[in-house]
Amino acid sequence: MTAIDPGKYATLTFDCYGTLIDWESGITGYLQPLLERYDVHVIDEFVLEAFSRLEPELQAQGGAYTDVLARLLERLGERLAFAPKPDELTGFGASIECWPAFADTVAALETLADHFELAIVSNIDDRLFELSAKHLQVPFDHVITAEQVGAYKPDPKVFEAALGRVKGPVLHVAQSRFHDIAPAAAAGLDTAWINRPSKGAAKPVAATPTWTFTSMGEFAAAVREGAA
């Protein structure tokens, strides 16, 4: 088993959505019933591929993540020939409250909190992360959001802001190579890629992580091994 010496790092910074929170099931769980109401029938992979293309484009235009999701749904409606109602547009962002944590998230965070300070570095609004935090259960020492920074990952400003607030050395832990692994490595950070099964909500890019794990549970086990 790969072992990570917990003495090598002071802080773990985490992406939240896709790494700790199952955003793909959250996204499709909201959008698929809505699409069916408009008699639109597409597979999950189609929805998530569209999401992966539109999200970075709309984030580059700025604004709160709730607005990004509303505009994304409008664009999806244009492509699929339906017009979402105003409450359906706002409901997409509100649905984040129901996006679940992965089954291994809480136990892994409990283990990791014994060895490191924990920080969230997320493309989210403060209020929306508060809704997700109840699913994570373990408190974080720092929460850095796109709303606070005024930029979305992979913009290097996000990692610059995070590194200015957390204690180093830092290991960044994430599932998305586009949003996290590539820009974190460019910022000089070691990275742990949580290579969870995915249907494609994050844009695919090439990136070389320091370590690769199939789950948060496997990552936490590597830390336990290194601490033994």
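Student: Against which elements do the buried residues of α5 pack?

Tutor: Buried means under 20% relative accessible area, with exposed over 50% and partly exposed in between (1.4 Å probe, protein chains only). Helices (H or I, at least four residues) and strands (E, at least two) are DSSP runs, numbered from the N terminus. Packing rests on contact, that is, heavy atoms within 4.5 Å. The partners of the buried α5 residues are β1 (11-14), β2, α6 and α10 (216-227).

Student: What kind of model is this?

Tutor: Residues are numbered from 1 along each chain as its sequence is written, and side-chain values use heavy atoms, leaving out hydrogens and water. Local features need pLDDT of at least 70, side-chain atom pairs count only at pLDDT 80 or more, and totals for chains, interfaces and linings use all residues, as the model is predicted.

Student: Which residues of helix α5 are buried?

Tutor: Helix α5 spans residues 105-113. Its buried residues are T105, V106, A108, L109, T111 and L112.

Student: Where does E88 sit, and is it buried or exposed?

Tutor: E88 belongs to helix α4. Because its relative accessible area is 7%, E88 counts as buried.

Student: Which side chain makes a polar contact with that of E88?

Tutor: A polar contact is a pair of N or O atoms within 3.5 Å. Within protein, one must be able to donate a hydrogen and the other to accept it, and residues adjacent in sequence count only if both atoms are side-chain atoms. Leaving out residues up to four places away in sequence, E88 touches Y30, L34, R37, Y38 and L73. The polar contact, at 2.6 Å, is with Y38.

Student: Against which helices do the buried residues of α4 pack?

Tutor: Helix α4 covers residues 86-94, and E88, L89, G91, F92 and G93 are buried there. Leaving aside neighbours within four places in sequence, F92 is in contact with I27, Y30, L31, F51, L69, L72, L73 and W99. The buried residues of α4 pack against α1 (23-37), α2 (44-59), α3 (65-80) and α6 (126-136).

Student: How many bridges join β5 to strand β6?

Tutor: Strand β5 (residues 190-194) has four of its five residues buried. Its parallel pairing with β4 (residues 170-174) uses four bridges, and L171 has D190 as bridge partner there. Towards β6 (residues 211-213), I194 is bridged to F213. The parallel pairing of β5 and β6 has bridges numbering three.

Student: What is the hand of the β-α-β unit made by β4, helix α9 and β5?

Tutor: A crossover is right-handed if, with the strands pointing away from the viewer, the path from the first strand over the helix to the second runs clockwise. Helix α9 (residues 177-186) lies between β4 and β5 in this unit. The unit is right-handed.

Methods:
Two strands pair if DSSP finds at least two bridges between them.
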